[in-house]
Amino acid sequence: MTVTTMTVTKVLSVVPVADFDAATDWYERLFGRPADARPMPGLADWHVFDDAWVQVFQDDQRAGRAALNLAVDDLRSAAAALAGGRRRAVIRLRFFPCTPAAA
């Protein structure tokens with residue numbers, strides 16, 4: 001059997017949402033800036049790195065069916081910032097502490 005490989009040049013995480021305006025506000029707080037691109041109504045892109053993007057788009061049928069995993073240096077500060085001064089974040093978050101594997 002012959003296996004063909006491909007070269008991946010970008011990674012795009014797609015997050016369908018029901019309330020586009022509320023979601024883009026939340027992702028602006030998450031990334032600390034407005035979307036890098038809004039190529040069409042109901043679609044916003046954050047270019048987290050040159051080769052890694054997060055795309056939020058209006059899709060009532062698929063909303064709530066995405067997972068987005070991000071690693072951060074200071075978990076407590078990140079959770080507090082996302083909660084926006086409230087006791088709870090608008091979107092339910094689950095944080096799992098990561099410890100680098102021993103070399």
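This is a predicted model: local features need pLDDT of at least 70, side-chain atom pairs count only at pLDDT 80 or more; totals for chains, interfaces and linings use all residues.
1. Ground rules. Local features need pLDDT of at least 70 and side-chain atom pairs count only at pLDDT 80 or more, while totals for chains, interfaces and linings use all residues. Numbering starts from 1 along each chain as its sequence is written, and side-chain values use heavy atoms, with hydrogens and water left out.

2. Fold. The protein chain has two helices and four strands. Their order from the N terminus is β-α-β-β-β-α. Both kinds of element are DSSP runs numbered from the N terminus: helices are H or I with at least four residues, strands are E with at least two. Take contacts (heavy atoms within 4.5 Å) between residues at least 6 apart in sequence: 50% of them join residues at least 24 apart.

3. Burial. The protein chain has 103 residues, and 22% of them are buried. Buried means under 20% relative accessible area, exposed means over 50%, and partly exposed lies in between, with a 1.4 Å probe and protein chains only.

4. Core. The largest nonpolar core holds 13 residues. Such a core is a set of buried Ala, Val, Leu, Ile, Met, Phe, Trp, Tyr and Cys residues joined through side-chain atoms within 4.5 Å. Val15, Val17, Tyr27, Trp46, Val54 and Val56 touch the most other members. Strand E1 (11-17), helix H1 (20-31), strand E3 (43-49) and strand E4 (52-58) each supply at least two residues of this core. H1 gives the most, with five.

5. Val17. Leave out residues up to four places away in sequence. Val17 then touches Ala23, Val56, Phe57, Gln58, Asp59, Asp60 and Ala63.

6. Helix H1, geometry. H1 has twelve residues. From first C-alpha to last it reaches 16 Å, close to the 16 Å expected at 1.5 Å a residue. That expected span is 1.5 Å times one less than the number of residues. Gly32 follows H1, and its phi is positive, near 75°.

7. Helix H1, buried face. Phe20, Ala23, Thr24, Trp26, Tyr27 and Phe31 are buried in H1. Seen down the helix axis, the buried residues fall within an arc of 160°, so they line one face of H1. The arc is that of the directions from the helix axis to the C-beta atoms. The cover over these buried residues includes E1, strand E2 (37-40), E3, E4 and helix H2 (75-83).

8. Asp25. Asp25 also lies in helix H1. Asp25 counts as partly exposed, at 45% relative accessibility.

9. Aromatic rings. There are four aromatic pairs. Rings of Phe, Tyr and Trp (its six-membered ring) pair if their centres lie within 6.5 Å; planes under 30 degrees apart count as stacked, over 60 as edge-to-face and the rest as tilted. Tyr27 and Trp46 have ring centres 5.9 Å apart and planes at 35°, so this pair is tilted. Tyr27 lies in helix H1 and Trp46 in strand E3, so the pair ties together parts that are 19 residues apart in sequence. Tyr27 counts as buried at 7% relative accessibility, and Trp46 counts as buried at 0%. Ring pairs link Trp26, Tyr27, Phe31 and Trp46 into a cluster.

10. Salt bridges, across the chain. The count is four. The rule asks for a side-chain nitrogen of Lys or Arg within 4 Å of a carboxyl oxygen of Asp or Glu. In the bridge between Asp51 and Lys10, the closest N and O atoms are 3.8 Å apart. Asp51 lies in the loop between E3 and E4 and Lys10 in the segment before E1, so the pair ties together parts that are 41 residues apart in sequence. Asp51 is partly exposed at 44% relative accessibility. Lys10 is partly exposed at 43%.

11. Salt bridges, two others. Asp36 bridges to Arg33, with the closest N and O atoms 2.9 Å apart. Asp36 is partly exposed, at 38% relative accessible area, and Arg33 is partly exposed at 27%. Asp59 and Arg62 also meet in a salt bridge, 3.1 Å from N to O. Asp59 counts as buried at 12% relative accessibility, whereas Arg62 counts as exposed at 52%.
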